[in-house]
Amino acid sequence: MAANRGMSERIRKIYQIVRAPKIAFSVEKATLFTEAFQKYEGDPNVIRMAKAQAYMLENIPIYIMEGDLLAGAPASKPMCVEADFWTKGTWQKEGIESLRGEEYSITDEQAAKMYELTEYWHKIIPEYKLYDLYDDPMWAWKKSGYLLPVNTTLEEAAGMGYACNGMAIMPEADTYQIDYAYVLRKGLQATIDEAQAKLDAVESIRIKSEEDIEKIYVWRAMIIINRGVIAWAERYADLAEQEAAACEDPVRKQELLEMAQICRRVPRYPASNFREAFQFLWFSVLMISRQTTTPLGRLDQVL
């Protein structure tokens, strides 16, 4: 095929995978996040979110595809999107059933889980809380057709569900640019150490305002989520070592061992070379984005 001309064997195999006719659909990320979000009810919200995301990172299935040189999967299985229930509306029956007739592969079990998660989230997400405040002029505007299709019910206006990839929980940073260079040169362990130093310096008698309390919660949450990201990267190091041990191709074995070594270093510590920087960058992108179209900025300067 003309499309395959000039491709290496590695790229040709990846090309065949991404051209698969069916897109897998998963509720793994949403299920894990929801389990922890429910478990930590009562915690300050910023800490609750950090614990829930860290729990998801510790338990979501991971994989390394054949030929991969970078670790870090945007979903729980290859060529997959993860259902989202809390940022752009919840899934209604019509939306779920319509996807099953398209290019997405959704099982009966997954559909049942989506209904279950929708039941939990649809009264928690901000959209539904806002609709309680709509007066007649605002509701008339919502039904005017500025969004397509035209909204006729609150359920439709709250969104028909969203599916994405990436390990982020909150809406992605699409409208601003992350200072990746700062993070790559610093490493997450330094951020943990700084937050811990702030906590160690706290004297209870000097806590005088709600703002003081919120700072403490944020520092604790920073430690939790950054440790979660490091643990997630080390899961890939473990997996790469396991696959290397079973690999009979000496070239691929070395690639996997190098991947493991890199994942032991970044994102915990600053990147010390190009490969480490690229791996650190990819982990960072997956953590801030729920879709892999988030801009990466000036890579010629960052790397």
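Let's start with the second largest pocket: its biggest share of lining, three residues, comes from helix 1, residues 9-18. Helices here are DSSP runs of H or I with at least four residues, strands are E runs of at least two, and both are numbered from the N terminus. This is a predicted model, so local features need pLDDT of at least 70 and side-chain atom pairs count only at pLDDT 80 or more, while totals for chains, interfaces and linings use all residues. Residues are numbered from 1 along each chain as its sequence is written, and side-chain values use heavy atoms, with hydrogens and water left out.

What counts as a pocket? On a 1 Å grid over the protein atoms alone, a pocket is an open set of points where a 1.4 Å probe fits, with protein on both sides within 12 Å along at least five of seven lines; lining residues have an atom within 4 Å of a point. Volume is the space filled by probe spheres set on the points, which are joined across faces, edges and corners.

The second largest pocket has a volume of about 500 Å³. It has 22 lining residues, and Met65, Asp68, Gly72, Pro74 and Trp282 lie closest to its centre. By class, that lining has 15 nonpolar, four polar and three charged residues. Nonpolar means Ala, Val, Leu, Ile, Met, Phe, Trp, Tyr, Cys and Pro; charged means Asp, Glu, Lys and Arg; the others, Gly among them, are polar.

Now the largest pocket. Its volume is about 820 Å³. It is lined by 30 residues, with Gln53, Ile225, Asn226, Met287 and Ile288 nearest its centre. Which helix gives the largest share of this lining? Helix 11 does, with six residues. The lining has 24 nonpolar residues, five polar and one charged.

Helix 11 (residues 210-246) also packs on helix 13 (residues 274-288). Their axes come within 12 Å and cross at roughly 125°. That makes helix 11 oblique to helix 13. Axes are lines fitted to C-alpha atoms, for helices over the stretch in contact, and angles run from 0 to 180 degrees between N-to-C directions. Under 35 degrees is roughly parallel, over 145 roughly antiparallel, 65 to 115 roughly perpendicular, and the rest oblique. Helix 11 passes helix 13 in a right-handed crossing. Right-handed means the near helix is turned clockwise from the far one by less than a right angle; anticlockwise is left-handed. Val229, Trp232, Ala233 and Tyr236 of helix 11 make the contact with Phe283, Leu286 and Met287 of helix 13. Contact means heavy atoms within 4.5 Å. The contact residues are seven nonpolar, no polar and no charged.

Next, helix 12 and helix 13. These axes come within 10 Å and cross at roughly 65°. That makes helix 12 roughly perpendicular to helix 13. This crossing is right-handed. Glu258, Ile262, Cys263 and Arg265 in helix 12 meet Arg275, Glu276, Gln279 and Phe283 in helix 13. Here we have three nonpolar residues, one polar and four charged.

Two backbone details to finish. Where is Pro267? It sits in the loop between helix 12 (250-265) and helix 13. The peptide bond from Val266 to Pro267 is cis, with omega near 15°. Then look at Met79, which is not a glycine but has a positive phi of about 50°. Met79 lies in the loop between helix 3 and strand 2 (80-84).
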